[in-house]
Amino acid sequence: MLTAERSPIRSYLMLAPALVVVILLFGGGLVLALVQSVGYLPVVGEARFTLAAYRAIFTDPVFYRSLLLTTWIAFASTALSTVLAVGGALVLRPRFRAKRFFTFLFQLNIPIPHLVGAVGILFLFSQSGFLARLAYLAGFIQTPAQFPALVYDRYALGIILEYVWKSSCFMGIILLANLQSVGDEYENAAQTLGANRWQRFRYVTLPFLTPGIVSSSILVFAFTFGAFEVPLLLGQRFPSALPVLAYRLYADVDLQARPEAMALSVIISAVIAGLIFVYMHATRNLRL
């Protein structure tokens with residue numbers, strides 16, 4: 001009885017060091033950003049609170065263009081990653097001789113940092129990259145500049161390509177685990193009742209995949225919405241993604257732009273926090 005009463009306290013104590021680090025680093029940084037976003041910046045002589053930075057952001061057309069671009073990147077990356085993840089999970093689900101090897105290849109890029117993947121996309125798909133030069137040597141194009149613009153383009157195709165390359169495997173492993181935990185008894189039963197392959201997928205497999213699809217897609221959308229390094233390396237100068245815009249305002253030599261940078265950071269954090277709340281709510285309801 002005594003052990004059962006102490007177990008929750010002991011768990012909290014074991015988590016305390018990690019929680020303290022997270023609260024101090026993330027929470028402290030968020031509080032500092034919030035304070036500076038409302039105009040409290042003594043280093044430049046501003047010690048009064050004001051919402052001027054938020055008014056400047058919400059009245060600036062650049063913000064809405066960057067918001068649209070960021071939403072497009074997050075939505076397209078999540079949608080394409082979901083389709084590829086479902087397809088990969090379905091392909092790797094059956095038993096076959098080289099299944100372990102192909103499953104290993106499928107998840108091989110998960111430990112690779114996004115920055116490394118972005119550099120790889122830059123070297124491969126830019127108009128001065130490997131594929132452009134290979135197409136030129138093969139005679140498909142007359143100059144490397146005729147290669148399709150997949151990096152620094154207006155549709156952020158290079159950014160989306162990197163996110164899809166990385167996120168589809170992450171989502172696929174989650175969905176594959178869901179499928180393997182369910183087994184194939186339900187699909188076999190549906191097949192004996194006359195359901196064809198599409199009907200088995202639509203009415204049997206897809207409902208089992210729905211919790212994993214919803215939870216993993218929300219996580220991927222939240223990450224791609226707030227990610228910084230890939231849009232900075234592969235994105236065009238204008239309009240840029242919201243995290244890149246916040247960084248450029250923060251790095252501006254004019255410290256008067258610092259409140260707007262912090263206000264953008266707070267807005268991005270609020271959107272991601274909302275997505276995390278949706279994720280927690282959705283996973284709880286889907287489990288029920």
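This is a predicted model: local features need pLDDT of at least 70, side-chain atom pairs count only at pLDDT 80 or more; totals for chains, interfaces and linings use all residues.
Q: How much space lies in the largest pocket?
A: The largest pocket holds about 500 Å³ of space. A pocket is an open set of points on a 1 Å grid over the protein atoms alone, with protein on both sides within 12 Å along at least five of seven lines, whereas a cavity is a set of points where a 1.4 Å probe fits but cannot get out. A volume is the space filled by probe spheres set on the points, which are joined across faces, edges and corners.

Q: Which residues are closest to the centre of that pocket?
A: R93, P94, G183, D184 and E187 are the closest, out of 17 lining residues; a lining residue has an atom within 4 Å of a point.

Q: Which element gives the most to that lining?
A: Helix α9 does, with five residues. The elements that give two or more are α7 (157-182), α8 (185-192) and α9 (197-226). Helices are DSSP runs (H or I, at least four residues), numbered from the N terminus.

Q: How many cavities of 30 Å³ or more are there?
A: The count is two. The largest cavity has about 70 Å³ of space, and among its 14 lining residues L69, I159, G235, Q236 and P239 are the closest to its centre.

Q: And what lines the second largest cavity?
A: Its lining consists of R93, L179, V182, G183, Y186, E187, V204, T205 and F208, around a volume of about 50 Å³. Helix α9 gives the most to this lining, with three residues.

Q: Changing topic, which residues of α4 are buried?
A: In α4 (residues 99-106), K99, T103 and F106 are buried, that is, under 20% relative accessible area with a 1.4 Å probe and protein chains only.

Q: Why are they on the same side of α4?
A: They lie on the same side because they cover an arc of only 55° around the axis, the arc being that of the directions from the helix axis to the C-beta atoms.

Q: What covers them?
A: The cover includes α3 (61-92) and α7, where contact means heavy atoms within 4.5 Å.

Definitions and conventions
Residues are numbered from 1 along each chain as its sequence is written. Side-chain values use heavy atoms; hydrogens and water are left out. Buried means under 20% relative accessible area, exposed over 50%, partly exposed in between (1.4 Å probe, protein chains only).
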